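Please read it alongside the coordinates.

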Amino acid sequence: MRVSSKASDQEPTGALFKAGKIIDILADNNGIGPAEVAVVSGIPRSSAYRILDGLVQVGLVKANQDDTYSLSLSWLDLSDVARSSLTEWPKAYDLLAELTTLTGQTSFLTVISGFETVCVECAQGQSFDALILRPGGTLPFFAGAAGRVCLAYSDEQIQEDYLQQAPFEGYNENSLVTSDALCADIKQIQKRGFAISNEDITIGVASIGVPIFSQSNGRVVGALSTGGFVDAMMPRCEELAGQLKVYVNRLGAGRPLDSLSE
Amino acid sequence: MRRGTRSDPGHSVGTLTKAKAVLDALKQLGPSRISEISAYVHEPASSTYRLLSNLVTLGWVDHGLHRGEYRLGIACVRIGGRIEARLDVQSIARHVFKRQEGSNGSWSLFVRYNVRSVCVQMTFLGQSRLRSPQIGYSLPISLGAPSDVLLAFLDQSRFERLIEHYRYNADMGGLLSTFRERSVQMAEKVTKRGYAYDVDQTVPGALTIAAPIFDHSGHIRAAACYSGLSRTNKALVESGADLCEVNRLRQAARQISQGLGYSFDAREGRLDSESEQ
């Protein structure tokens, strides 16, 4: 399930590799010109033009009237089908909705992709409008309960590879951005069994997250988390973490050893 | 015939075309094995396998839950999420409304917030002196053309929950017992007709028509409204006559929906069959 930062030992063929880079650039920068794409990607300009035209021809990119390029809306359909193809956790939405009814807070199911977590399902609670995570939304490993709990339970090599990129650009003064801060956080999360995000992304918002595991190899593949206004969340950390662990087991995504011992 | 090289422009487009075909296959078939995918895209299994390996490296495709299976990858979710986060119904609507040359009224956008419809965008065109509805103006969900549209196109379970929520929160007096039935009847009319109208409710003294705006998942996202028709048009609007203002509004709503990624091709049959009943 997990897509590591390097999913295979082989690079894709030239055209696909460049297309992947260009798509990632357009995902972060809407409506930019080919010259800028070439500079940011490091791809020669002639290749950038050729690949962009090719992506337009196949409908993955659209050419705007001002000669800039944007991602095509056809990615939205691909995204929807990709989400519905995650059949590891049938009835995930029903369970999340039940959890939200129980806690009153928004629940999220996120999956690891590279060094990020991607939200694939959520059930809205009281403070949904304040939360930045939506289905399709991503959070880096250094921020948020989902991201940090996934980092804490990842293999040591993955942690090391990730922390080599520190310091990160934080969301605010509460974000943990240095390697030392994140190492200490990892130890704390492993000891506690869950992560607490206390306004490290959005001021006024807190979240609690627990890991979910692949049942085939026991590795962390994502997180189940709940988020809301900090005053409502912080006094209930232990209680909410307990609820999350119950629902992880109901999803069938507890650590294989833990679920056997129950 | 000279075989294309990897630096050949035609080779790049060919590779991307095949990659897109595989993505479309997985979109259509769901999680599938190589044999199913290669049959769908009419390519040999060996080249399909090579392509799938490359797409897995990109993250556009992932290995499926079952051995030998492939499915659309998490990177697609991430990319779709980035696009969706940028889609702004207000700016799309503003752009579409400004293009309504020749019309002579006010164009507005309403969204639902709890049990009210709220105006979040208004553009006035032509010689009209009408400056209603103002941004921030709101109606209860039981009143006005925008409310009728925002309620009528909700899925069944959300419709029922909203009706219940509204009934127990609003001081409805003698209307309480009949509210649900009236809402269901109105929703049937609006979904069949494809738009709603009111006189004197959204804008005093004027007839307002409203049409639905959908997001890429087909969920009702907002209501596009046009205010400025004379009340004398009420009978024509009620009968579903071919009024140019109604057609123009519905077309504008479609354009805004398409801007949000809604595809009318796949759903045209459903919408057309409802309007023919």
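## Backbone features in two loops

A:Pro167 belongs to the loop that runs between helix H7 (156–163) and helix H8 (179–192) of chain A, where helices (H or I, at least four residues) and strands (E, at least two) are DSSP runs numbered from the N terminus. The peptide bond that leads from A:Ala166 into A:Pro167 is cis, with omega near 0°. In chain B, the loop between strand S4 (106–113) and strand S5 (116–124) contains B:Asn114, and B:Asn114 has a positive phi of about 55° although it is not a glycine. For context, most residues other than glycine have a negative phi, and most peptide bonds are trans.

## Basis of the values

This is a predicted model, in which local features need pLDDT of at least 70 and side-chain atom pairs count only at pLDDT 80 or more, whereas totals for chains, interfaces and linings use all residues. Residues are numbered from 1 along each chain as its sequence is written, chains are lettered from A and ligands numbered from 1 in the order in which they are written, and side-chain values use heavy atoms, with hydrogens and water left out.

## Domains of chain B

An automatic or database domain assignment, the origin of the bounds used here, divides chain B into domain 1 (9–72) and domain 2 (80–259). Taken over C-alpha atoms, the centres of domain 1 and domain 2 of chain B are separated by 42 Å.

According to an unreviewed UniProt entry, the annotation "domain: HTH iclR-type" covers residues 13–74 of chain B; such annotations may be inferred rather than shown by experiment. Residues 13–74 of chain B are 65% helix and 15% strand, and the end C-alpha atoms of this span lie 24 Å apart.

## Helix packing within chain B

Helix H2 (residues 34–41) and helix H3 (residues 45–58) of chain B have axes that come within 9 Å and cross at roughly 105°, the axes being lines fitted to C-alpha atoms over the stretch in contact and the angles running from 0 to 180 degrees between N-to-C directions. H2(B) and H3(B) are therefore roughly perpendicular to each other (angles under 35 degrees count as roughly parallel, over 145 as roughly antiparallel, 65 to 115 as roughly perpendicular and the rest as oblique).

In this pair, B:Ile34, B:Ile37, B:Ser38 and B:Val41 of H2(B) meet B:Ala45, B:Thr48, B:Tyr49 and B:Leu52 of H3(B), contact meaning heavy atoms within 4.5 Å. By class, the contact of H2(B) with H3(B) has six nonpolar, two polar and no charged residues (Ala, Val, Leu, Ile, Met, Phe, Trp, Tyr, Cys and Pro count as nonpolar, Asp, Glu, Lys and Arg as charged, and the others, Gly among them, as polar).

## Helix packing between the chains

Helix H1 (residues 14–28) of chain A packs with helix H4 (residues 74–86) of chain B at an angle of about 30°, their axes being 9 Å apart, and H1(A) and H4(B) are therefore roughly parallel to each other. Residues A:Ile23, A:Asp24, A:Leu26, A:Ala27 and A:Asp28 of H1(A) meet B:Arg78, B:Ile79, B:Arg82 and B:Arg86 of H4(B), and the residues of this contact divide into four nonpolar, no polar and five charged.

The axes of helix H4 (residues 74–84) of chain A and H4(B) come within 8 Å and cross at roughly 130°, which makes H4(A) oblique to H4(B).
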